[in-house]
Amino acid sequence: MSPVDPGVNPGPTSVTRLPERCGPALGTDVEDTLDLRLPDDFLAGLSLAAGAAAVPVAEAGTAGETDEALAREVAEDLPPRHDLLDRVHTWGSIATTAGVFQLVPVHLERDLPLVARWMNDPAVVTFWDLAGPPYVTERHLAGQLAGDGRSVPCLGVLNGSPMSYWEIYRADLDPLARHCPVRPHDTGIHLLIGGVADRGRGLGSVLLRAVADRTLDRRSACARVIAEPDLRNTPCIAAFLTAGFRFAAEVDLPGKRAALMVRDRSPRHLP
C-alpha cells in the first residue's frame with residue numbers, strides 16, 4: 001500500500017477555506033449535511049468539558065463508580081471516559097493474517113520522534129504536508145490530544161512493533177462534513193504506513209479491513225467507516241477497495257479532489 005494519508009490533508013483540524021461545492025455524486029450516498037444537527041453526545045461532551053475544571057474527581061463519577069476507580073483512571077493518564085469515539089484505547093488487539101495488531105493512542109513525548117520521521121519521508125510529504133522540524137508534527141498531534149475527543153491519533157502496532165500512524169475521527173463532527181456527504185456517527189480513518197518494508201505488499205488492505213471492522217464492532221451507533229484519499233493516490237484507493245470499502249463519490253476538499261470511500265456495516269462480512 002502507498003504510505004500516504006487516505007484522509008483530509010493534512011488532518012481534521014486543517015481546513016482553512018471552504019470550497020464552493022461538493023463533487024458530483026457517483027454513488028447513492030450523497031445527502032446535504034450542511035444543516036446537520038450536532039449529535040446529543042457531542043453536545044453532552046461540550047457540557048462535560050465546560051464543567052470539568054470545576055468538578056472535583058470525587059464528584060465526577062456516574063452512579064456505581066467509586067472514587068478509587070476515578071483516581072486510578074486519572075493516575076494512569078487514560079483518555080477521557082466521555083469521549084466521542086467510544087474509548088479507542090480499550091479496543092484491544094486484533095488477530096489478522098499479518099499478525100496481532102493494535103491501535104495505541106499517541107503519547108506525545110514517547111512517539112513524536114517516530115511520527116515526525118515518517119512525516120518527512122519523501123513518499124509521504126505530498127499527501128500529509130507535515131514535513132519539517134518536529135514541532136510541525138508536534139503541533140498537529142497536540143491539537144488532537146488537547147481537543148474534545150473527536151479525533152484520536154494512534155500508532156499502529158503490529159506484532160509488538162510500531163509500523164503505522166492512524167487517526168480515528170468523528171467525520172460528522174469534522175470540517176469534512178461541510179464538503180461531502182456524511183451521516184451522524186460516521187467514523188473516519190487516516191492512515192500512514194511508516195516503514196518502507198511494510199509498503200507495497202498488501203498490508204495496508206489487511207489492516208484497513210481489521211480497523212474498520214473493529215470500529216463497527218465497538219461503535220454501535222456508527223453505520224459507516226469512511227475515508228477520503230486523494231484521487232491521485234491510486235494505490236491507496238485500491239487498498240481501500242480490497243479492504244471492503246466502496247467508491248461512493250468524488251468530492252472537492254480544501255487542497256485536493258478526493259475519492260469518498262465507504263465501508264458499510266451491513267455487508268461488511270462479505271468477501
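Modeller: The largest cavity has a volume of about 30 Å³. A cavity is a set of points on a 1 Å grid over the protein atoms alone, where a 1.4 Å probe fits but cannot get out. Volume is the space filled by probe spheres set on the points.

Colleague: How many cavities of 30 Å³ or more are there?

Modeller: The count is one.

Colleague: Which residues line the largest cavity?

Modeller: W91, G92, I94, L103, V211 and R214. Lining residues have an atom within 4 Å of a point. By class, four are nonpolar, one is polar and one is charged. Asp, Glu, Lys and Arg count as charged; Ala, Val, Leu, Ile, Met, Phe, Trp, Tyr, Cys and Pro as nonpolar; the others, Gly among them, as polar.

Colleague: Where do the coordinates come from?

Modeller: This is a predicted model; local features need pLDDT of at least 70, side-chain atom pairs pLDDT 80 or more, while totals for chains, interfaces and linings use all residues. Residues are numbered from 1 along each chain, and side-chain values use heavy atoms, without hydrogens and water.

Colleague: New topic. At what angle do α3 and α5 cross?

Modeller: Roughly 125°, and the axes come within 9 Å. Axes are lines fitted to C-alpha atoms over the stretch in contact, with angles from 0 to 180 degrees between N-to-C directions. Helices are DSSP runs (H or I, at least four residues), numbered from the N terminus. Helix α3 covers residues 108–119 and helix α5 residues 134–145.

Colleague: Which residues of α3 make the contact?

Modeller: L108, L112, V115, A116 and M119. Contact means heavy atoms within 4.5 Å. On α5, the partners include P134, T137 and E138. The contact of α3 with α5 has nine nonpolar, one polar and one charged residues.

Colleague: And how far apart are the axes of α6 and α7?

Modeller: They are 8 Å apart, at an angle of about 50°. The contact uses S205, L208 and R209 of α6 and A239, F240 and T242 of α7.

Methods
Helices (H or I, at least four residues) and strands (E, at least two) are DSSP runs, numbered from the N terminus. On a 1 Å grid over the protein atoms alone, a cavity is a set of points where a 1.4 Å probe fits but cannot get out, and a pocket is an open set with protein on both sides within 12 Å along at least five of seven lines; lining residues have an atom within 4 Å of a point.
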